[in-house]
Amino acid sequence: MTVHEKPTPERPVSGERIRLDSLTALRFAAALLVFVLHVYVYVWYAGGDMEQAPFGAVALRSALAGVSFFFLLSGFVLTWSAREDDTPRAFLRRRLAKIYPNHAVTWVVALVLLLWAGEQVGALRALSTLLLVEAWIPLPQVQSGVNPVSWTLACELFFYLCFPYLHRLVARIRPERLWYWAVGCLAAIALVPLLVMAVTPAEPKGGPFQTTLLQTWLTYNFPPVRLLEFVLGILLARIVITGRWYPKRLGPALISVPLGYVVALQVAFPYFVHAILVVPLAMMVLAAAHSDITGSPGLRRRSWIWLGDISFAFYMTHVLVILHLHGLLDPERDAGVAADVGFTALYLVISVLVSWLLYRAVERPAMRRWGSARGRRTAAR
């Protein structure tokens with residue numbers, strides 16, 4: 001089947017022959033949403049209830065949407081590029097080659113910067129982050145991590161361990177029933193925060209979400225809960241591969257995301273994390289994949305793909321750039337609005353440059369050495 005042939009139930013698409021460059025480009029957009037939150041927290045935020053702070057609610061939802069997109073996309077792309085002759089051990093080796101070298105380097109850099117800044121870093125905090133298990137431990141001193149974004153890698157590692165078995169189970173679902181399972185997964189995603197808020201103590205509240213630590217952990221950080229978004233990605237990929245109906249117009253799908261933001265702004269955490277934004281994000285993944293499958297207009301400009309390629313390194317480094325560089329340039333955080341605009345642009349540019357260096361010096365060599373599938377390469381990113 002060629003890239004321009006239309007997938008049908010009788011002629012399913014081949015995930016090994018088509019590059020999903022539009023989804024690669026969207027990875028950087030998702031990472032940029034997380035950047036928005038961190039630059040807001042460390043440069044613009046003046047304290048207090050973030051939901052009530054100027055642009056605080058938007059910044060929070062930006063980052064949460066970015067993380068949901070990563071989890072959803074991870075399940076989709078891994079299913080798209082899965083090999084029938086793969087083994088769980090070979091699969092895990094390749095995924096560790098993708099995430100762990102960048103993680104190890106940024107862990108060392110983050111630890112050095114924290115110690116240089118005079119912060120006490122306990123052994124549990126340091127080791128749990130290094131071993132990517134911090135998302136399983138609901139303790140404040142652990143949840144902050146060494147590199148604050150690495151908790152999502154702890155979730156991803158759990159997903160990778162589950163994927164060979166989940167993929168095998170989902171592959172047994174009859175194509176005409178895949179949408180029923182996807183809707184069921186969406187329902188489970190929506191019900192989790194309702195269940196957590198109903199059965200957990202309501203006090204003491206605190207933090208940016210004004211919920212208890214247990215509530216925040218169970219609805220946002222706990223890997224089995226975030227596995228639902230990953231499984232949804234697997235189901236959506238199987239829907240595309242088997243040629244079932246799905247939303248195909250990229251324009252409306254992209255527009256649905258800011259519309260989802262408008263709705264999400266009307267509800268409190270934790271409901272907006274899963275139940276609202278995951279639906280437009282799923283539509284965007286499906287439509288972007290379709291644009292690549294059919295060769296229709298998408299997000300395949302070379303510059304966008306390049307940004308997508310460095311997006312993982314950008315995600316791992318940007319908060320270190322913002323946090324520690326701003327502590328040097330404006331330690332009192334009183335430089336004024338004009339200066340803060342300049343700082344934001346500066347940190348974005350530096351984060352892109354640093355991520356490009358990490359990608360070229362660490363990520364790509366590691367993938368060439370340990371990440372290539374033996375015998376053949378998959379074409380999907």
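**Walking through the model**

Q: Leucine 132 first: buried or exposed?
A: Leucine 132 is buried, at 2% relative accessible area. Keep in mind that this is a predicted model.

Q: Where does leucine 132 lie?
A: In the loop between α4 (123-130) and α5 (140-143). The phi of leucine 132 is positive, about 60°, although leucine 132 is not a glycine.

Q: And what about phi of arginine 333?
A: Phi of arginine 333 is also a positive value, near 55°, and this residue is not glycine either. Arginine 333 sits in the loop between α14 (311-329) and α15 (337-371). Arginine 333 counts as partly exposed, with 38% relative accessibility.

Q: What's up with the peptide bond from glutamate 203 to proline 204?
A: That bond is cis, and omega is near 0°. Proline 204 is in the loop between α7 (178-199) and α8.

Q: Let's zoom out. How many helices and strands does the protein chain have?
A: There are 15 helices and zero strands in the protein chain.

Q: What radius of gyration does the protein chain have?
A: It has 20 Å. A compact globule with 381 residues would come out near 21 Å, so the two agree. The C-alpha atoms fill a box of roughly 65 × 45 × 40 Å along the principal axes.

Q: How much of the chain counts as buried?
A: 52% of the 381 residues.

Q: What share of the contacts join residues at least 24 apart?
A: 78%, among contacts between residues at least 6 apart in sequence.

Q: Now the inside. How many residues are in the largest nonpolar core?
A: That core has 110 residues. Leu23 and Phe76 have the most contacts inside it. Helix α2 (residues 56-80) gives the largest share, 15 residues.

Q: What does leucine 23 touch?
A: Leaving out residues up to four places away in sequence, leucine 23 touches Leu73, Phe76, Val285, Ala288, Ala289 and Asp292. Another core, of five residues, lies apart from the largest one; Val196, Trp217, Leu218 and Val225 are among its members.

Q: Which helix holds threonine 219?
A: Helix α8, residues 213-221. Threonine 219 is buried, with a relative accessible area of 0%.

Q: What does the side chain of threonine 219 reach?
A: The backbone oxygen of glutamine 215, at 2.7 Å.

Q: Switching to helix α10. How far does α10 reach?
A: Helix α10 (residues 250-264) spans 21 Å from its first C-alpha to its last, close to the 21 Å expected for its 15 residues at 1.5 Å a residue.

Q: Which residues of α10 are buried?
A: Leu250, Ala253, Ser256, Val257, Gly260, Tyr261 and Ala264.

Q: Last topic. How many disulfides are in the whole structure?
A: A search finds zero.

Q: Is cysteine 155 buried or exposed?
A: Cysteine 155 counts as buried, at 0% relative accessibility.

Definitions and conventions:
Residues are numbered from 1 along each chain as its sequence is written. This is a predicted model: local features need pLDDT of at least 70, side-chain atom pairs count only at pLDDT 80 or more; totals for chains, interfaces and linings use all residues. Side-chain values use heavy atoms; hydrogens and water are left out. A disulfide is a pair of cysteine sulfur atoms within 2.5 Å. Buried means under 20% relative accessible area, exposed over 50%, partly exposed in between (1.4 Å probe, protein chains only). Helices (H or I, at least four residues) and strands (E, at least two) are DSSP runs, numbered from the N terminus. The expected span of a helix is 1.5 Å times one less than its number of residues. A polar contact is a pair of N or O atoms within 3.5 Å; within protein, one must be able to donate a hydrogen and the other to accept it, and residues adjacent in sequence count only if both atoms are side-chain atoms. A nonpolar core is a set of buried Ala, Val, Leu, Ile, Met, Phe, Trp, Tyr and Cys residues joined through side-chain atoms within 4.5 Å. Contact means heavy atoms within 4.5 Å. The radius of gyration is taken over C-alpha atoms; the globule rule is 2.2 Å times the number of residues to the power 0.38.
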